[in-house]
Amino acid sequence: MEFNKIIERRGSACFKYDALKTVYGREDLIPLWVADMDFAVSDEILKALKTRLEHPIFGYNFPNEQFHQSIKNWMDKRFGWDPSALKTISVPSLMTALAIAILSLSKTGDKILIQTPVYPPFHSTVVEHSRELLTNPLIRVENRYEVDWHDFEAKCSRAKMFILCNPHNPVGKVFSREELQRMHDICSKHKVLIFSDEIHADIVYPPFQHIPIASLGPENVITGISPAKSFNLAGLATAVMFAPRGEISRALAAMNEALHTFMGNSFGIVAFTAAYTKAGYWLDELLTYLQSNRDVLRNFFANELREIKMLDCEGTFLAWLDCRQLGMNEAELKDFITNKAGLALNPGHTFGQEGQGYMRLNFAVPRPILTEALDRLRTALRDKL
Ligand SMILES: Cc1ncc(COP(=O)(O)O)c(C=O)c1O
């Protein structure tokens, strides 16, 4: 099976491997941290990129008609939602989109709400632009997380913007239609803008289904999407946001121009279009493989290594591991996972204080690597006990 193939990534200026020494102090770790995949992209994407390479000029670009059409068709086919009534604004990345939204639609000191524990740049992008962070911590209920509705509404009454992460990184939650509707209603009531980061939308396991929150009413929603996660294209720096036409999209587009982030990347545009027009079948195969990896992990923590609990993973290729029963503080846990088990994972506290005692594990790797990582963890833990 193609996804079982181990590809050497060291030496390709690859952050996940080549930054191990800088971030973790050693190079001999199995890297299960940065959220990209150790799989080759689909043949269709490679072929489209090779064809583009045959044209020897790499001047300025713009996202063309095929690019826009591919997005519309993809959203329609995969999520039953046609975003063409909205303005599509292209940017180099989802986090650029978020920064643009914050800069153009809020002002210094405005309050911006996030649901912790959550992807660290949600915290930093708010704070670095001198906005005030409000948190609505998700509540752990058995093996999954729920929204604290009372707190959500109280915070919304003071917030300018809410940054939704759906599917949610790191907790793996896929928000239901009812939850999305309720968040949407509360935000509308309090005139809160929603920035919905849906970069993991394509990676959802049955019976769960991704619902774009803008499909419930787009007037106060900006949605960010990209094939970076699902087609492993993060290095090609191409993403888009959908925004209501009029004042909101004008402000976003003006900031995109002011920051000179609107031009597009020659290869990103080509790969993006090829992914969305030709590689849907590849994504379906990938999802089957990822689901099996998730189930390997789930069985391992449910039956073999019960000291660590894996939360339900409804979407994303990220497992959220509750390590609190090990009785270690943050430094001890990081030291144990890094230096005893030989794994590079993301410490939970980096996602917010609610993540203390947790670790995030990226399972988008060939199964033999995953199995070796679990062997290492088992051995390290048995030695410790
Ligand atoms: C929820 C979420 N948003 C955004 C990103 C980063 O996307 P980009 O590289 O397009 O900024 C990630 C990457 O892990 C992510 O998990």
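The briefing takes the ligand site first, then the strands, then the backbone.

This is a predicted model, in which local features need pLDDT of at least 70 and side-chain atom pairs count only at pLDDT 80 or more, whereas totals for chains, interfaces and linings use all residues. Residues are numbered from 1 along each chain as its sequence is written, and side-chain values use heavy atoms, with hydrogens and water left out.

**Ligand site**

- The ligand sits in the largest pocket, where a pocket is, on a 1 Å grid over the protein atoms alone, an open set of points where a 1.4 Å probe fits, with protein on both sides within 12 Å along at least five of seven lines, and where sitting in it requires more than half of the molecule's atoms to lie within 2 Å of its grid points.
- Among the polar contacts (pairs of N or O atoms within 3.5 Å), a side-chain N or O atom of His200 is 2.8 Å from an oxygen atom of the ligand, a polar side-chain atom of Lys229 lies 2.8 Å from a ligand oxygen atom, and a polar side-chain atom of Ser93 lies 3.4 Å from a ligand oxygen atom.
- On its own the ligand has 400 Å² of accessible area, of which the protein covers 88%, with areas taken from the Shrake-Rupley method with a 1.4 Å probe.

**Parallel pairing around E3**

- Helices (H or I, at least four residues) and strands (E, at least two) are DSSP runs numbered from the N terminus, and two strands pair if DSSP finds at least two bridges between them.
- Strand E3 (residues 111-114) pairs in the parallel sense with strand E4 (residues 132-135) over 4 bridges; Lys111 has Glu132 as its bridge partner in E4, and Ile112 stands opposite Leu133.
- Between E3 and E4 the chain passes through helix H6 (residues 120-128), and this β-α-β crossover is right-handed, in the sense that, with the strands pointing away from the viewer, the path from the first strand over the helix to the second runs clockwise.
- E3 also pairs in the parallel sense with strand E7 (residues 161-165), over 3 bridges, and there Ile163 is the bridge partner of Ile114.

**Antiparallel sheet**

- An open sheet of 4 strands, with antiparallel pairing, runs in the order E11-E12-E15-E14; its edge strands, each pairing on one side only, are E11 (309-310) and E14 (346-347).
- E14 and strand E15 (residues 358-362) pair over 2 bridges in the antiparallel sense, with Asn346 opposite Arg360.

**Backbone geometry**

- Most residues other than glycine have a negative phi, and most peptide bonds are trans.
- Thr116 and Pro117 are joined by a cis peptide bond with omega about 0°, and Pro117 is placed in the loop between E3 and H6.
- A cis peptide bond with omega about -10° joins Asn166 and Pro167, the latter placed in the loop between E7 and helix H8 (177-189).
- Ser130, in the loop between H6 and E4, has a positive phi near 60° although Ser130 is a residue other than glycine.

Definitions and conventions: A polar contact is a pair of N or O atoms within 3.5 Å; within protein, one must be able to donate a hydrogen and the other to accept it, and residues adjacent in sequence count only if both atoms are side-chain atoms. On a 1 Å grid over the protein atoms alone, a cavity is a set of points where a 1.4 Å probe fits but cannot get out, and a pocket is an open set with protein on both sides within 12 Å along at least five of seven lines; lining residues have an atom within 4 Å of a point.
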